[in-house]
Amino acid sequence: GEACALHFAGVPGLRGAQRAGWAAITGQLSGNSPILRHALRLTVATGVAVALARGIGLGHGEWIALTVLLALRPETAHTYTRCISRVVGVLAGVLVATVLAILLHPAGALVAVPVVVALGLSYALAGFGAVPMTGALAAGIAFLLDIEGTADSADLSQRLMAVVLGGGLAVASHVLLPDRSLVRLRQRAGELLKAEIDYAATVIRGFVHPLPHAGTTLNAAWQRAVRARSAFEAASGSVRAEAPEVRRWLTSYRAALNAVTGACVTLEEHVAAARPESLDPRFVVAVDDYVDALRGEPPSAGQPWTVDARHLAETDAQLRDAAGLLDRQNTAQRVLLAETETITRHLLGVEVIRR
């Protein structure tokens with residue numbers, strides 16, 4: 001009961017959590033739901049993979065279905081590139097693990113060593129992208145499936161062929177049942193919003209904490225925002241915008257995010273003049289709270305990322321209250337206060353537009 005209450009915040013008791021869970025499920029029973037479409041893609045592709053493995057009698061045919069499971073994700077943006085990237089990761093992981101198994105022939109309890117190492121690498125590499133994480137996970141699975149230590153060159157070719165077939169099924173499932181164009185646009189709008197906010201948060205933190213390799217750090221955050229904007233514009237170009245409400249939404253959304261970008265550029269020009277060592281610790285805490293509210297919760301696959309408007313407004317008010325802690329020499333931080341007010345106003349406006 002406590003676990004359910006924690007997951008469904010604000011819902012008291014086990015019965016309330018069960019009702020909230022059922023409401024979350026029924027809320028996805030729509031043709032526009034990327035979660036429902038992912039469930040259908042995953043079900044059909046996995047079923048076909050199992051039938052194909054049994055029908056053609058390919059050795060290690062289980063890797064057809066395993067590749068489908070490892071490659072498919074409930075994403076509405078970058079589906080093909082990310083799906084193919086994961087398939088490449090699976091291929092690399094299976095190749096490395098099988099070659100090592102052929103050379104070393106670990107068997108029985110000894111298999112636990114490379115399996116644990118591979119799973120540890122998968123966890124450690126999660127922050128570097130899906131390809132290395134998926135590759136390490138596939139390697140661990142390959143070691144585990146070869147627990148008898150009998151792998152040979154024939155096994156390698158069969159596994160690689162099965163991975164290619166599974167990757168083809170995963171990509172085909174996206175081709176046959178793609179997400180709606182407006183759903184993809186909303187997802188990429190959320191990705192752009194998250195990238196812009198991460199850029200803003202990075203710049204803002206530089207006013208109260210020294211940034212290691214400031215130029216490189218800020219440029220990396222800016223480049224992520226640029227790539228997200230390019231993906232958003234590509235998605236908007238594929239959407240028929242004859243409907244007045246779609247045109248108005250696109251215009252308003254672009255204008256709001258352009259204002260946020262402009263504020264961040266102004267802040268970046270003043271971040272070098274900030275003297276964090278002279279600040280009152282209470283002001284630093286207020287800025288850190290504001291940055292945490294900006295960044296919000298991690299993105300959830302299949303759902304557009306959004307700003308927690310209430311939390312952001314509260315921490316912005318706290319930041320205004322902390323302005324009295326600044327001295328005359330803290331001119332850069334006064335610029336920060338002015339620009340964060342602009343950022344907050346437009347982000348709250350974005351949430352109104354999205355609704």
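At what angle do helix 3 and helix 8 pack, and how far apart are their axes? In this predicted model, local features need pLDDT of at least 70 and side-chain atom pairs count only at pLDDT 80 or more, while totals for chains, interfaces and linings use all residues. Residues are numbered from 1 along each chain as its sequence is written, and side-chain values use heavy atoms, with hydrogens and water left out.

Helix 3 (residues 34–56) packs against helix 8 (residues 153–176) at about 145 degrees, and the axes are 10 Å apart. Axes are lines fitted to C-alpha atoms, for helices over the stretch in contact, and angles run from 0 to 180 degrees between N-to-C directions. Helices are DSSP runs (H or I, at least four residues), numbered from the N terminus. The crossing of helix 3 with helix 8 is right-handed; that is, the near helix is turned clockwise from the far one by less than a right angle. Helix 3 brings R41, A45, V48, A49, L52 and I56 to the contact, and helix 8 brings L165, L169, S173 and H174. Contact means heavy atoms within 4.5 Å. Seven of these residues are nonpolar, two polar and one charged. Here Ala, Val, Leu, Ile, Met, Phe, Trp, Tyr, Cys and Pro count as nonpolar, Asp, Glu, Lys and Arg as charged, and the others, Gly among them, as polar.

Helix 8 also packs with helix 4 (residues 62–71), at about 45 degrees and with axes 7 Å apart. Helix 4 is therefore oblique to helix 8. From helix 4 come W63, I64, T67, V68 and A71; their partners in helix 8 include R159, V163 and A170. The contact holds nine nonpolar residues, three polar and one charged.

A71 of helix 4 is buried, at 1% relative accessible area. Buried means under 20% (1.4 Å probe, protein chains only). A71 touches C83, R86, V87 and A170, leaving aside residues up to four places away in sequence. A71 and A130 are 59 residues apart in sequence, yet 9.4 Å apart in space, C-alpha to C-alpha.

The largest nonpolar core has 52 residues, with L193, I204, Y253, F283 and I343 making the most contacts inside it. Such a core is a set of buried Ala, Val, Leu, Ile, Met, Phe, Trp, Tyr and Cys residues joined through side-chain atoms within 4.5 Å. Helix 9 gives the most to this core, eleven residues. Another core, of 26 residues, lies apart from it and includes A45, V87, F143 and V163.

Conventions: Buried < 20%, exposed > 50% of the residue type's maximum accessible area, 1.4 Å probe, protein only. Helix = DSSP H or I, 4+ residues; strand = E, 2+ residues; numbered from the N terminus. Parallel < 35°, antiparallel > 145°, perpendicular 65-115°, else oblique.
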